[in-house]
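Colleague: I'm new to this one and would like to learn how to read it. Could you walk me through it, one feature at a time?

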Amino acid sequence: MRAGRVLPVVSGRLVAALVLLVVGTVADVWSTYLAISTGEFVEGSPVGRTFITWLGPLRGMLLTKAVGMVVIGVPVAVAGGSRRLVATVMCAGVGAISLLAAVRNLLLVAGYWP
């Protein structure tokens with residue numbers, strides 16, 4: 001390690017996955033609150049529904065995302081993926097699923113989702 005270099009180099013894919021996670025989470029939370037305010041919201045995941053019932057919307061959704069990261073990350077880790085690969089796949093997977101949930105919520109509010 002060279003002098004003056006404190007933090008390890010973070011791969012571009014991991015940074016992109018982290019951005020996807022943050023954007024997806026914010027979009028999902030915002031669109032869920034929008035859907036709740038219109039009375040159109042129905043949680044699609046039984047796990048998410050349980051956590052939201054127990055902890056409220058925000059904490060329930062965040063816990064659901066954490067559980068999703070574990071569900072996605074454990075098989076990658078067991079398959080021998082590096083820590084960086086596991087983190088990248090977990091963040092990208094939950095971020096993508098969150099974006100899809102946000103799109104579903106917006107379609108629900110707009111009346112295009114059954």
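**How the helices pack**

Modeller: Start with a pair: α1 and α3 are oblique to each other. This is a predicted model, where local features need pLDDT of at least 70 and side-chain atom pairs count only at pLDDT 80 or more, while totals for chains, interfaces and linings use all residues. Residues are numbered from 1 along each chain as its sequence is written, and side-chain values use heavy atoms, with hydrogens and water left out.

Colleague: What counts as a helix here, and which residues make up α3?

Modeller: Helices are DSSP runs of H or I with at least four residues, strands are runs of E with at least two, and both are numbered from the N terminus. Helix α3 takes in residues 57-78, and α1 runs over residues 12-38. Helix α4 spans residues 83-110.

Colleague: At what angle do α1 and α3 pack?

Modeller: In general, axes are lines fitted to C-alpha atoms (for helices, over the stretch in contact), and angles run from 0 to 180 degrees between N-to-C directions. Under 35 degrees counts as roughly parallel, over 145 as roughly antiparallel, 65 to 115 as roughly perpendicular, and the rest as oblique. For α1 and α3 the angle is about 140 degrees, with the axes 11 Å apart. Their crossing is right-handed. A crossing gets that label if the near helix is turned clockwise from the far one by less than a right angle, and left-handed if anticlockwise.

Colleague: Which residues of α1 and α3 meet?

Modeller: Contact means heavy atoms within 4.5 Å. On the α1 side you'll find Leu21, Thr25, Asp28, Val29, Thr32, Tyr33 and Ile36, and they meet Pro57, Leu58, Met61, Leu62, Lys65 and Met69 of α3. Sorted by class, that gives nine nonpolar, two polar and two charged residues. Ala, Val, Leu, Ile, Met, Phe, Trp, Tyr, Cys and Pro go down as nonpolar, Asp, Glu, Lys and Arg as charged, and the others, Gly among them, as polar.

Colleague: How do the axes of α1 and α4 cross?

Modeller: They come within 7 Å and cross at roughly 25 degrees, which means that α1 is roughly parallel to α4. This crossing is left-handed. The contact of α1 with α4 holds 20 nonpolar, nine polar and three charged residues.

Colleague: And how far apart are the axes of α3 and α4?

Modeller: They are 8 Å apart, and the packing angle is about 140 degrees, so α3 is oblique to α4. The helices pass in a right-handed crossing. From α3 the contact includes Gly68, Ile72 and Val76, and from α4 it includes Val86, Val89 and Ile97. Its residues divide into 11 nonpolar, four polar and one charged.

Colleague: Now for single residues. Is threonine 32 buried or exposed?

Modeller: Buried means under 20% relative accessible area, exposed over 50%, and partly exposed in between, using a 1.4 Å probe and protein chains only. Threonine 32 is buried because its relative accessible area is 2%. It touches Phe41, Met61 and Asn105, leaving aside residues up to four places away in sequence. Alanine 35, which also sits in α1, is buried at 0%.

Colleague: What does methionine 69 touch?

Modeller: Leaving out residues up to four places away in sequence, it touches Leu21, Met90, Cys91 and Val94. Methionine 69 belongs to α3 and is buried, with a relative accessible area of 18%. Alanine 87 lies 8.7 Å from methionine 69, C-alpha to C-alpha; at 22% relative accessibility, alanine 87 counts as partly exposed. Valine 74 in α3 is partly exposed too, at 45%.

Colleague: Which residues does the UniProt annotation "transmembrane region" cover?

Modeller: The unreviewed UniProt entry gives residues 12-36, 56-78 and 85-113. UniProt positions follow the numbering used here, feature names are shortened, and annotations may be inferred rather than shown by experiment. In the model, residues 12-36 are 100% helix and 0% strand, with end C-alpha atoms 36 Å apart. Residues 56-78 are 96% helix and 0% strand, with end C-alpha atoms 33 Å apart.
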